[in-house]
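I opened this entry to log what I looked up in the model.

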Amino acid sequence: MATAATPDRDAARVPVRGLTVLYDAQCSLCGFLRDWLVRQRQLVPLDLVPAGSEAAMRRFPGLDHAATFDEITVIGDSGQVYRGTAAWIVTLWALAEHRPTAHRFSTPAGARLARGAVLAAAKWREGQWARRHGAWGGGAYYGADGWQYSPATGWVYNAPACDRDTCAPR
């Protein structure tokens, strides 16, 4: 069905015969999924290429390559570009064992579930990136109310130090 936002590309005339999946080669989850995809029986051939690589830039010069690190990007052999949830769904659609799941995810209810999975993966990747780049200390959390969390000991309450005149009576 065509809409003003997405004109019909006439799928009967322009079938998808191959997909290129751009993945973050530095992400352990992405690497795991890449390896998993390679082992699956493919109805539509998948070519897995590291995002931002020289090969990706050479093959897709008009693509915003920085954005391919933010969310999964899949490119069809006729120039179709799928991002985020749509990219996950079309990738599953290419797999023999998972095409029925892709069809379920393409429904309104299934799309919400697929979007949740995409957001969960993105949140996990964000944490991995932060740990790789030293942005997350992974150490203790200290609250101004006296509670602190340490991965080694769990939650502990240490009453805040105060002067005789600044402490509220209990």
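The model is predicted, so local features need pLDDT of at least 70 and side-chain atom pairs count only at pLDDT 80 or more, while totals for chains, interfaces and linings use all residues. Residues are numbered from 1 along each chain as its sequence is written, and side-chain values use heavy atoms, with hydrogens and water left out.

**Entry 1: the pocket.** I looked up the lining of the largest pocket and got 26 residues, with C30, L33, I72, W88 and A121 nearest the centre. β1 (19-23), α1 (28-39), α3 (84-93) and α5 (108-132) are the elements that give two or more residues to this lining. Helices (H or I, at least four residues) and strands (E, at least two) are DSSP runs, numbered from the N terminus. The space in the largest pocket is about 450 Å³. That volume is the space filled by probe spheres set on the points, and grid points are joined across faces, edges and corners. I then sorted the lining by class: 18 nonpolar, two polar and six charged residues. Here Ala, Val, Leu, Ile, Met, Phe, Trp, Tyr, Cys and Pro count as nonpolar, Asp, Glu, Lys and Arg as charged, and the others, Gly among them, as polar.

**Entry 2: the fold.** I counted five helices and seven strands in the chain. Along the sequence the pattern reads β-α-β-α-β-β-α-α-α-β-β-β.

**Entry 3: the sheet.** Which order do the strands of the open four-stranded sheet take? I found β2-β1-β3-β4, with mixed pairing. Two strands pair if DSSP finds at least two bridges between them. β2 (46-50) and β4 (81-83) are the edge strands; each has a single partner, so one side of each is left without a neighbour in the sheet. Neighbouring strands are turned by 20 degrees against each other on average, direction ignored.

I went through the pairs next. β1 and β2 run parallel, joined by five bridges; L22 has V49 in β2 as its bridge partner. β1 and β3 run antiparallel over four bridges, and V21 is partnered with V74 in β3. β3 and β4 are antiparallel too, with three bridges. In that pair, I75 stands opposite V81 in β4. The β3-β4 hairpin has four residues between the strands, and G79 takes a positive phi near 95 degrees there.

**Entry 4: helices on the sheet.** α3 lies across β1, β2, β3 (73-76) and β4, at about 110 degrees to β4. Axes are lines fitted to C-alpha atoms, for helices over the stretch in contact, and angles run from 0 to 180 degrees between N-to-C directions.

**Entry 5: burial.** Buried means under 20% relative accessible area (1.4 Å probe, protein chains only). I got 32% buried among the 170 residues of the chain. On β3 both faces are covered: T73 and I75 are buried on one side, V74 and G76 on the other.

Is T85 buried or exposed? T85 counts as buried because its relative accessibility is 14%. Neighbours within four places in sequence aside, T85 is in contact (heavy atoms within 4.5 Å) with A111, A114, R115 and V118.

Methods: 1 Å grid on protein atoms, 1.4 Å probe; cavity = no way out; pocket = protein on both sides within 12 Å on 5 of 7 lines; lining within 4 Å. Buried < 20%, exposed > 50% of the residue type's maximum accessible area, 1.4 Å probe, protein only.
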